[in-house]
Amino acid sequence: MSDTLIAFDDVLASYDPAMGLEVHVELNTLTKMFCGCPTEFGAAPNTQVCPTCLGLPGAMPVVNRKAVESAIRIGLALNCDIAEWCRFARKNYFYPDMPKNFQTSQYDEPICFDGYMDVDVDGETFRVEIERAHMEEDTGKSLHVGGATGRIHGADHSLVDYNRAGIPLIEIVTKPILGTGAKAPEVARAYVAQLRDLIVALDVSDARMDQGSIRADVNLSLSPKGSGVLGTRTETKNVNSLRSVERAVRYEMSRHAAVLGSGQKILQETRHWHEDTGVTTSGREKSDAEDYRYFPEPDLVPVAPSREWVEELRGTLPENPTARRARLQAEWGFSDLEMRDTVGAGALNVIEQTIAAGTSPQAARKWWLGELARRANEQGLLVDALPVTPADVARVQALVDEGSLNDKLARQVFDGLFAGEGTPDEVVAARGLAIVSDEGALSTAVDNAIAANPDVADKIRDGKVAAAGALIGAVMKEMRGQADAGRVRELILEKLQ
Ligand SMILES: [Zn+2]
């Protein structure tokens with residue numbers, strides 16, 4: 001069941017895209033939004049629950065102060081106004097992973113509103129206006145057992161885990177994003193990427209899209225080119241990677257144009273994104289006035305953050321990640337491409353710390369984006385989760401700089417560090433990795449190589465210096481790699497010229 005699509009360029013010839021992005025951020029508070037249950041990821045099912053987050057009769061919720069603090073800091077970082085007074089509201093709906101049969105959220109009184117974020121795409125800046133950022137709680141998780149797809153269809157039975165029910169969420173909602181044209185997919189991706197960077201810098205969430213701690217819903221509609229009349233929108237739910245945000249926008253633009261072009265109407269509905277096939281499929285119909293029968297939560301007092309507290313929190317905001325990146329790029333002298341690779345690999349912080357420990361920017365980049373990125377890839381980790389610290393990398397590079405290690409030996413030091421054999425110096429000592437700087441031993445090895453390769457030696461005597469590579473290789477082999485190749489080359493040429 002695949003939809004007809006219109007080529008992207010043809011979509012743009014006839015329509016202007018309008019987007020709206022709703023991003024859910026799961027906060028990293030130690031306890032849940034309205035109770036003291038722990039929030040740790042991966043615990044045995046239904047071990048982190050209590051009467052409040054299970055919605056048992058008579059249980060009374062209490063607001064998590066840290067979650068309010070995180071919400072305000074997110075709002076301030078997004079240039080929002082912070083409400084002087086706001087309330088929680090009950091959003092009523094029935095779903096098995098929602099044990100209270102309502103979600104405690106905010107409705108017409110969000111804690112943060114009217115902000116913006118400037119998004120950079122290829123040197124062009126798009127201002128994305130933020131409608132609101134409000135506090136709410138996460139749902140539990142359903143597990144459908146026995147079917148082939150893991151979906152409820154075809155399953156024998158379903159299990160529910162309420163450990164996640166009640167974990168604090170912040171939902172950040174943009175105003176319609178207009179005027180992006182052909183860059184709509186890239187703007188959507190860049191917005192979510194910059195928002196994630198901001199969340200990381202604020203340290204209010206794990207910000208792991210792959211684990212669902214940041215989830216994006218992508219609203220899209222098309223309006224006839226130049227008309228300014230917004231079309232009917234669809235909402236693609238739970239898009240869980242940056243690449244998928246971009247692809248989902250592109251796909252929905254092409255699908256909308258095909259539907260409209262055939263004279264049909266776009267159905268206002270939620271859609272499911274399929275990562276594997278890169279398509280969306282129909283979810284449920286949704287009307288604007290869907291009746292959740294919101295009403296103010298009677299069991300919670302209003303939240304009225306004092307202006308003093310808000311200003312105190314404003315003082316804790318980190319440097320804006322986009323500005324910080326520009327500053328570091330200038331300080332380090334990285335090209336745009338080098339900087340993009342650094343950020344893409346999640347290596348910005350470790351490279352900054354390695355440089356702070358005394359390594360040159362290019363050497364720090366070489367290790368973290370080369371050898372260490374390769375090992376991280378093999379293990380499915382991010383570079384900052386490797387068992388190697390910026391201080392270790394700085395020490396290894398210092399040993400290279402002082403001539404005690406070459407790159408090959410340095411890689412063997414990393415083998416030792418990954419095997420848990422101690423500090424770089426301990427690995428060098430235990431494995432006997434230091435370069436042999438004993439001139440006598442080097443000289444003997446060079447003599448041996450010359451004697452074993454008389455024809456190569458003759459070539460060098462005849463002035464074919466390029467042939468020295470073969471002798472250097474032979475010497476390095478005899479020295480088990482523990483020689484300075486530059487010094488070996490000098491010795492060869494001294495002896496043969
Ligand atoms: Zn609880």
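Me: What does "buried" mean for a residue here?
Reply: Buried means under 20% relative accessible area. The model is predicted. In helix α11, the buried residues are P390, D392, V393, A394, V396, Q397, L399 and V400.

Me: Which residues of a helix point the same way?
Reply: An α-helix has 3.6 residues a turn, so residues three or four places apart point the same way. Helix α11 covers residues 390–401. From its first C-alpha to its last, α11 reaches 16 Å, close to the 16 Å expected at 1.5 Å a residue.

Me: What do the buried residues of α11 pack against?
Reply: Their partners are α8 (348–356), α9 (361–369), α10 (371–379), α12 (407–418) and α13 (424–431). Just after α11, G403 has a positive phi of about 85°.

Me: In what order do the strands of the open sheet come?
Reply: The order is β2-β5-β6-β9-β1-β10-β11-β12-β13, nine strands with mixed pairing. At the edges are β2 (81–82) and β13 (279–285), each pairing on one side only.

Me: How many bridges join β10 to β11?
Reply: Four bridges join β10 (residues 214–224) to β11 (residues 234–239), and the two strands run antiparallel. L220 stands opposite T234 in β11.

Me: Which strands does α2 lie across?
Reply: Helix α2 lies across β2, β5 (112–121), β6 (124–137) and β9 (168–174), and runs at about 20° to β9. A77 belongs to α2, which spans residues 65–77.

Me: Which residues does A77 contact, leaving aside its neighbours within four places in sequence?
Reply: A77 is in contact with L198, L202 and L317. A77 and L317 are 240 residues apart along the chain, yet their C-alpha atoms are separated by 6.9 Å.

Methods
Residues numbered from 1 in each chain as written. Predicted model: local features only at pLDDT ≥ 70, side-chain atom pairs only at ≥ 80, totals over all residues. Heavy atoms only, no water. Contact = heavy atoms within 4.5 Å. Pairing = 2+ DSSP bridges. Axes fitted to C-alpha atoms, helices over the stretch in contact; angles between N-to-C directions. Expected span 1.5 Å × (residues − 1). Buried < 20%, exposed > 50% of the residue type's maximum accessible area, 1.4 Å probe, protein only.
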